[in-house]
Protein chains: 2
Amino acid sequence: MKFGIQLRTKHQEILLYCISMSLILFLLKWLEAHFIVFNYRLDFFIGAIAIIFTVLGIWLALKLVKPKVEIRIIEKKVYIDNPGKTEINQQEIVKLGISRRELDVLNLIAIGLSNEEIAGKLFISLNTVKTHSSSIFLKLDVKRRTQAVEKAKRLNIIH
Amino acid sequence: MKFGIQLRTKHQEILLYCISMSLILFLLKWLEAHFIVFNYRLDFFIGAIAIIFTVLGIWLALKLVKPKVEIRIIEKKVYIDNPGKTEINQQEIVKLGISRRELDVLNLIAIGLSNEEIAGKLFISLNTVKTHSSSIFLKLDVKRRTQAVEKAKRLNIIH
DNA sequence: ATCGAAATCACCCGAAAGTGTGAAAGAAAA
DNA sequence: TTTTCTTTCACACTTTCGGGTGATTTCGAT
């Protein structure tokens, strides 16, 4: 699994900025330690270099910047050629091998009850509900109860 | 215009940039004023300057340029057996005070995704998804995601 | 210029959900 | 009668969910 450690990543920018500033200062100190001399024409030359590479940096950033993504959920309508009523598909239930009790549990899951509430309503234990729901997920080939509800409704197993 | 608004919000960064530039220029002048001899590698020094100002240029561009927006579409399949009667109730959404982002999350919950999967799909953190879903449950007056889906479908907030 | 809403994120903690294994009783089918 | 299926339950364990709190950033409106 992932690390449990979560850092406040928003401060990373500032941290990065501080580090780079420190690096610059360190560089200048290093240069100073090595007795580097400037003449006056060099000053102008360095200015030009600075401007050029600033522009270069800006250009580079514009080229490489990752575009900010905006998510838009659109609904793709899929029309089912099932004119008229919404009959429960018994064949599908049989085909998937879903038992009566499992269907009971599935229906109660679909209306948003918790496992404990389902257990209370069907007069069975919490563990039994878990067993049923697990086998439902297995038969429907899903991982979560929300997925199970979605798929079951799509297959007209429940409504 | 947009640029003016951005200037206002980013004026701290500009200030910071100016200060750092001034600091660097001051340091250079100081070094020059102290007759530090530049006996060693001139090209090395220029390279350092180039790198520094490239980085500063990149940083400046990233800070000031309005991010490019890339719209990413997530298709959500809606299975309809009775076309023509399934309109999304916008008034209900407004009445409940459900925001656009919360609606995104709600739609992804409805198709059975886990919070972590939603976070991956919307490019936000798991904690943010939790915050959104919590406020959804509050606004819909439900306790669980399955209930939220059930109620939202009943209110025609989602399909 | 100030303020509020929306969106983002972190962290802690407890509750609920889900997995895996095993088992027992009753009903139906072979 | 034996076998198989369904339903029931337990228990340990991991993962996910949800509540609560607090914080930052951005945007729009006043």
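The legends below describe close-up views of a predicted model with protein chains and DNA.

Residues are numbered from 1 along each chain as its sequence is written, and chains are lettered from A and ligands numbered from 1 in the order in which they are written. In this predicted model local features need pLDDT of at least 70, side-chain atom pairs count only at pLDDT 80 or more, and totals for chains, interfaces and linings use all residues, while side-chain values use heavy atoms, with hydrogens and water left out.

**View 1. Chain A and its elements.** Chain A has seven helices and one strand, in the order α-α-β-α-α-α-α-α from the N terminus. Helices (H or I, at least four residues) and strands (E, at least two) are DSSP runs, numbered from the N terminus. Of the 159 residues in chain A, 32% are buried, that is, under 20% relative accessible area with a 1.4 Å probe, counting protein chains only. Chain A exposes about 11,200 Å², 63% of it from carbon and sulfur atoms; the area comes from the Shrake-Rupley method with a 1.4 Å probe.

View 2. A residue is near the strand if one of its heavy atoms lies within 4 Å of it. Of the atoms of DNA strand D within 4 Å of the protein, 63% belong to sugar and phosphate. Helices α4 (100-110) and α6 (126-140) of chain A and α7 (126-140) of chain B each supply at least two residues of this surface. The most, four residues, come from α6(A).

**View 3. Polar contacts to phosphate oxygens of DNA strand D.** A polar contact here is a pair of N or O atoms within 3.5 Å. For S134(B), a polar side-chain atom lies 3.2 Å from a phosphate oxygen of DNA strand D.

**View 4. Helix α6 of chain B.** This helix spans residues 115-122, and its buried residues are N115(B), I118(B), A119(B) and L122(B). Seen down the axis of α6(B), these buried residues fall within an arc of 100°, so they line one face of the helix. The arc is that of the directions from the helix axis to the C-beta atoms. An α-helix has 3.6 residues a turn, so residues three or four places apart point the same way. Just after α6(B), F123(B) has a positive phi of about 60°.

Terms used:
Buried < 20%, exposed > 50% of the residue type's maximum accessible area, 1.4 Å probe, protein only. Polar contact = N/O pair within 3.5 Å; in protein donor to acceptor, adjacent residues only side chain to side chain.
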